[in-house]
Amino acid sequence: MLIIPEALIADLLSPQDAFDAVEACFKAMAMAQAYNFPVVREALGEGRQYGFKSGLDRLGGQLGVKAGGYFPGNAARGMINHQSSIFLFDPETGRPQAMVGGNLLTALRTAAASALSIDRLARRDARVLGMVGAGHQAGFQLRAAARVRQFEKVVAWNLHPEMLTNLAAIAADLGLPFQAVTLEQLGAEADVIITITSAPAASVLNAHVRAGTHLACMGTDTKGKQEVEASLLARAAVFTDEVAQSVTIGEAQHAVAAGLLQPQAITTLGDVLIGRHAGRPSENAVTLFDGTGVALQDLAVAAKVVERARAMGLGYEVAV
Ligand code: NAD
């Protein structure tokens with residue numbers, strides 16, 4: 001079994017690798033060649049969440065699990081709040097193959113999923129990117145989005161405005177003008193909105209969002225979280241990584257519970273990628289990607305890292 005610690009990951013996987021790996025696994029899911037097992041997610045108290053996301057990709061030859069969660073007290077200890085490890089097993093024998101640090105991989109694969117949704121669903125002429133959230137994941141989201149559209153400006157809002165300086169620095173690094181705005185201004189200007197917060201109630205309201213906007217809602221990955229008003233999902237063409245997760249732990253949980261959205265009305269991004277669904281219905285439509293984060297994304301990027309590490313002689317082989 002190969003152990004690949006967190007510190008090695010940055011040299012083993014690029015944002016483009018993550019984009020390609022996530023695209024391949026979403027396609028495999030749409031072709032019923034890969035599936036995610038039911039998610040185990042438990043509240044540990046004091047806002048801590050811990051769980052297991054696992055799955056099998058027959059096309060990619062991957063079987064495994066990501067164990068980890070969200071620990072909001074970590075930031076004060078100088079650690080990021082998300083902590084996870086990915087374990088890969090041989091799909092034929094069940095033998096453990098690798099244990100891979102999952103923190104950077106989670107950020108890269110989550111950003112890749114939202115960038116993929118922007119690439120396939122946002123208007124081609126999108127010029128203003130709106131960011132809602134400024135925590136650890138937000139910078140990765142901003143960088144990945146900038147790779148798929150020619151944005152000319154970033155507008156951003158965060159409940160804790162002091163955190164926006166981190167995003168401003170990344171925008172500057174990308175050569176993009178940056179402006180902290182109200183949610184009303186953000187909705188009025190943005191062509192694409194990424195939400196990446198741990199909020200328990202909607203920040204972005206239906207009335208904030210103008211026609212033709214694409215939203216990538218990436219923060220809601222647990223029952224009880226919410227970033228956008230439920231009625232926005234009734235108005236939008238809704239896409240997701242996986243419908244089962246979208247209606248239970250994703251942003252769609254609230255609209256479905258309120259009877260505003262039927263699960264059958266939600267399309268997987270994989271269906272768009274394999275050409276089974278046309279994607280954006282019209283220039284004026286609001287499109288919304290409910291990115292809940294599936295195990296197969298984690299397995300896909302971890303498998304790429306293992307392949308690279310073996311080729312480069314990196315990592316630590318242990319007998320198990
Ligand atoms: P973080 O703790 O670093 O940042 C949290 C962000 O949420 C900050 O911008 C903070 O200001 C904001 N926030 C906190 N409370 C809020 C509230 N009540 N209303 C509005 N905003 C609030 O977290 P992170 O690592 O950046 O993760 C952000 C979210 O993304 C988390 O909910 C995490 O679980 C989720 N996540 C989802 C995926 C996925 O695949 N969909 C993957 C990783 C993380």
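Which of the 27 residues around the ligand come nearest? They are Tyr70, Arg109, Asn158, His160 and Lys225, where a residue is near if one of its heavy atoms lies within 4 Å of the molecule. This is a predicted model, in which local features need pLDDT of at least 70, side-chain atom pairs count only at pLDDT 80 or more, and totals for chains, interfaces and linings use all residues. Residues are numbered from 1 along each chain as its sequence is written, and side-chain values use heavy atoms, with hydrogens and water left out.

View 1. A polar contact here is a pair of N or O atoms within 3.5 Å. Look for tyrosine 70, with a polar side-chain atom 2.4 Å from a ligand oxygen atom. For histidine 136, a backbone N or O atom lies 2.8 Å from an oxygen atom of the ligand. The ligand alone would expose 860 Å², and the protein buries 89% of that (Shrake-Rupley method, 1.4 Å probe).

**View 2. The shell around the ligand.** Helix 3 (103–121) and helix 4 (136–146) each bring at least two residues to this shell, and helix 3 gives the largest share, three residues. Helices are DSSP runs of H or I with at least four residues, numbered from the N terminus. By class, the shell holds eight nonpolar, 16 polar and three charged residues. Domain 1 (2–106 + 296–317) and domain 2 (115–293) each provide at least three shell residues.

**View 3. The second largest pocket.** Its volume is about 210 Å³, and among its 15 lining residues Ser14, Pro15, Leu108, Phe140 and Arg143 lie nearest its centre. A pocket is an open set of points on a 1 Å grid where a 1.4 Å probe fits, with protein on both sides within 12 Å along at least five of seven lines; lining residues have an atom within 4 Å of a point. Helix 3 supplies the largest share of this lining, five residues. The lining divides into 12 nonpolar, one polar and two charged residues. Domain 1 and domain 2 both give residues to the lining, so the pocket lies between them.

Note on methods: A polar contact is a pair of N or O atoms within 3.5 Å; within protein, one must be able to donate a hydrogen and the other to accept it, and residues adjacent in sequence count only if both atoms are side-chain atoms. Ala, Val, Leu, Ile, Met, Phe, Trp, Tyr, Cys and Pro count as nonpolar, Asp, Glu, Lys and Arg as charged, and the others, Gly among them, as polar. Domain bounds come from an automatic or database domain assignment. Grid points are joined across faces, edges and corners, and a volume is the space filled by probe spheres set on the points.
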